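Hi everyone, thanks for making time today.

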Amino acid sequence: MNHKSIIRLAIGAAICVTAMFISYSYISVVLYLVSYVIIGFPVFKKAIRNVFSGNFLDENFLMLIASLGAFCLKEYTEGVAVVLFYGIGELFEKHAVRKSRAEVTKMMDLSPDFANKEIGGEVITVAPEEVNIGDVLVVKPGERFPLDGIVVFGKTSIDTKSLTGEASPVSVSQGDEVLSGSVNLSGVVKIKVTKSFNQSTASRILELATAAASKKAVSERFITKFARFYTPVVVVCAILLWVIPVLLGQPFIKWIKRALLFLVVSCPCALVISVPLAFFAAVGGASKKGILIKGGSSIEALSKTKIAVFDKTGTLTQGVFEISQINPHGVTKDQLLMYAAIAESFSDHPIACSIKNAYGKKLDLSVIDKSEEIAGMGVAVEVNGDKIFAGNEKLMQKIGITADAQSDFGTYVHIALNDKYLGYIVISDVIKQDAERAINELKKLGVTKTVMLTGDAKTSAQKVSQKLGIDEMHHSLLPHDKLCIIEKIINDGVTLYAGDGINDTPVLMRADVGVAMGLNGTDAAMEAADVVLMGDEPSKIIDAIKLSKKTMRIVMCNIVFALAVKVIVMILGAVGIAGMWSAVFADVGVSVIAISNSIRILK
Amino acid sequence: MIKRFKVYNLECAHCAAKMEREIKKMSSINDAEVNFMLQSIVVDFKDENIDAEIGKIQKICKKIEPDCVVRA
């Protein structure tokens with residue numbers, strides 16, 4: 001269809017050029033008419049159809065009037081030019097829109113159309129929707145993983161770029177989780193499916209991205225509204241521009257020429273297409289980097305971010321607790337660790353887990369007679385009549401033991417056997433590599449204040465915030481405290497909140513821009529967030545803000561440019577300086593330029 | 001009931017806006033959204049029985065852009 005249109009326009013243009021060189025006037029008029037009809041036919045067809053359905057302000061109809069008018073005034077080349085360039089402009093628009101649409105859907109649609117399922121030693125190809133949890137799939141090198149699963153056979157390296165933006169391949173082997181949408185690079189693997197197609201990462205990403213596209217930016221809505229009024233207003237101006245001078249005794253032809261020029265400029269296409277296209281391209285460009293931005297309104301808010309609030313654990317720090325210090329009193333390090341592990345054996349707290357992991361050996365839980373969790377302090381267990389305590393300073397105070405003072409960053413677990421102090425273990429969370437850079441860059445992007453929220457105690461929280469150069473820090477918070485703090489902060493400016501989505505869904509919703517970190521967050525958090533970072537680097541927020549600022553700049557630039565050119569051409573046309581050719585430029589040329597400008601965002 | 005339709009041959013951006021305006025005027029729906037970029041229409045129907053309504057939506061779209069096809 002596209003090729004046909006191009007050929008049609010080319011033939012029409014060639015005939016028109018021929019006509020320009022023929023001096024015998026009747027033949028040249030006939031040639032002009034032929035080329036006009038060839039080029040303008042689809043426009044006439046649409047115009048007539050739309051007029052019959054009662055739509056007189058249709059752009060095709062206005063083009064028809066303008067070009068026919070030019071013909072009646074014996075300005076044949078101009079008449080043909082109006083429809084010719086209108087046709088070229090339309091082709092270009094369609095091409096640009098299709099191209100970016102294809103590019104964006106390709107980036108977001110990560111699930112393959114098939115899955116190779118293994119049943120009793122045989123491999124059959126089925127649709128991913130038909131695969132059940134627990135089925136075993138065979139994935140060959142070069143294929144995308146159709147569903148989320150766990151590797152049960154083989155090892156390979158996978159490319160998770162389209163999910164996380166992470167460029168280097170990740171190696172996986174038996175027992176490792178693989179997410180749908182990642183590409184198998186080197187070896188054949190079998191995976192056991194853990195999530196149904198609809199729940200799998202790839203479908204969830206597509207779902208979130210498409211559902212969110214409806215959140216339109218203010219500028220997008222403005223353009224839609226504006227377009228409704230622009231055309232009628234310009235058409236009325238055109239009529240007035242012709243009628244008033246004629247009533248005042250001015251020459252009929254001179255003013256109708258100027259009025260026709262208005263009709264050519266009356267299409268708001270440049271804006272109607274380029275503005276939504278810019279937002280669409282931004283969503284696509286971001287997803288290429290592993291950032292899912294939900295719609296134009298999120299882009300708009302991101303670009304205005306003034307205050308950036310971070311949850312500490314899992315966002316600025318890795319949320320993986322590791323033992324950084326073991327400081328025994330009168331026992332060996334191994335003994336201290338063993339006592340700690342026994343004390344924590346029934347606890348699922350991340351700190352307990354890291355102690356147990358560090359101890360490494362299997363614990364005989366049958367020796368434990370009694371275990372008790374002391375809220376906000378720690379745990380106590382009874383083994384063969386002995387009591388082991390593990391917890392913070394408050395717990396030690398409670399049982400009458402003076403613990404060593406805290407000096408370093410991290411969480412202190414003091415251990416006591418009956419009334420004897422055994423020493424302490426320091427567990428600390430590791431600050432993410434790019435956290436400091438992220439905080440620094442935010443300042444350069446016009447963020448006036450950075451805030452860190454954490455449930456941790458003051459000392460460890462302070463260490464992290466000082467190291468990263470964060471302006472304001474709130475520590476020892478319970479989950480609902482975070483919401484109260486956000487409520488207060490939000491009054492001071494556009495607030496971005498980044499968290500890993502565990503326990504902070506309400507905060508993500510309340511903030512002007514909620515950023516959920518990583519794909520590990522809950523579904524509710526991913527839905528509540530405006531931006532989902534598929535990897536867990538906080539510096540991705542910088543990329544997102546930069547991209548949104550660029551998008552808003554391009555959108556504003558397009559709006560100002562398109563309107564300015566149109567208004568200037570109309571003014572110059574009304575006073576007789578600009579001719580039909582400038583009007584054609586103000587219509588088609590401006591559209592093409594604005595669209596090309598929007599497409600820049602994809603790159 | 002929220003349902004998503006695919007639109008084919010939706011080539012002009014403000015036709016999409018027009019379609020959205022017209023579909024929103026239907027009394028049998030709560031909300032509607034025509035997405036030009038994703039070539040889709042999402043409609044929130046008041047009732048479960050929507051067969052007749054789908055026909056109406058198709059008609060609206062056809063009237064605005066005769067080449068376009070709406071499919072569930």
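Let's begin with K449(A), which is partly exposed at a relative accessible area of 22%. Keep in mind that this is a predicted model. So which residue does K449(A) meet in a salt bridge? The partner is D492(A), with 3.9 Å from N to O. K449(A) sits in strand β18 and D492(A) in the loop between α17 and β20 of chain A, so this pair ties together parts that are 43 residues apart in sequence. D492(A) itself is exposed, with a relative accessible area of 55%.

Now a second pair in chain A. D148(A) forms a salt bridge with K195(A), and their closest N and O atoms are 4.0 Å apart. D148(A) belongs to the loop between β3 and β4, and K195(A) to the loop between β9 and α6, so the contact joins parts that are 47 residues apart in sequence. Is D148(A) buried or exposed? D148(A) counts as buried, at 0% relative accessibility, while K195(A) is partly exposed at 30%.

Over to chain B. There, K24(B) and E20(B) meet in a salt bridge at 3.4 Å, N to O. Both lie in helix α1, residues 13-24, and they are four residues apart, about one turn of the helix. K24(B) is partly exposed, with a relative accessible area of 42%, whereas E20(B) is buried at 13%.

One more stop, back in chain A: E441(A), K444(A) and K546(A) are linked in a network of salt bridges. Over all chains, the count comes to 15 salt bridges.

Conventions
Residues numbered from 1 in each chain as written. Chains lettered and ligands numbered in written order. Predicted model: local features only at pLDDT ≥ 70, side-chain atom pairs only at ≥ 80, totals over all residues. Heavy atoms only, no water. Salt bridge = Lys/Arg side-chain N within 4 Å of Asp/Glu carboxyl O. Helix = DSSP H or I, 4+ residues; strand = E, 2+ residues; numbered from the N terminus. Buried < 20%, exposed > 50% of the residue type's maximum accessible area, 1.4 Å probe, protein only.
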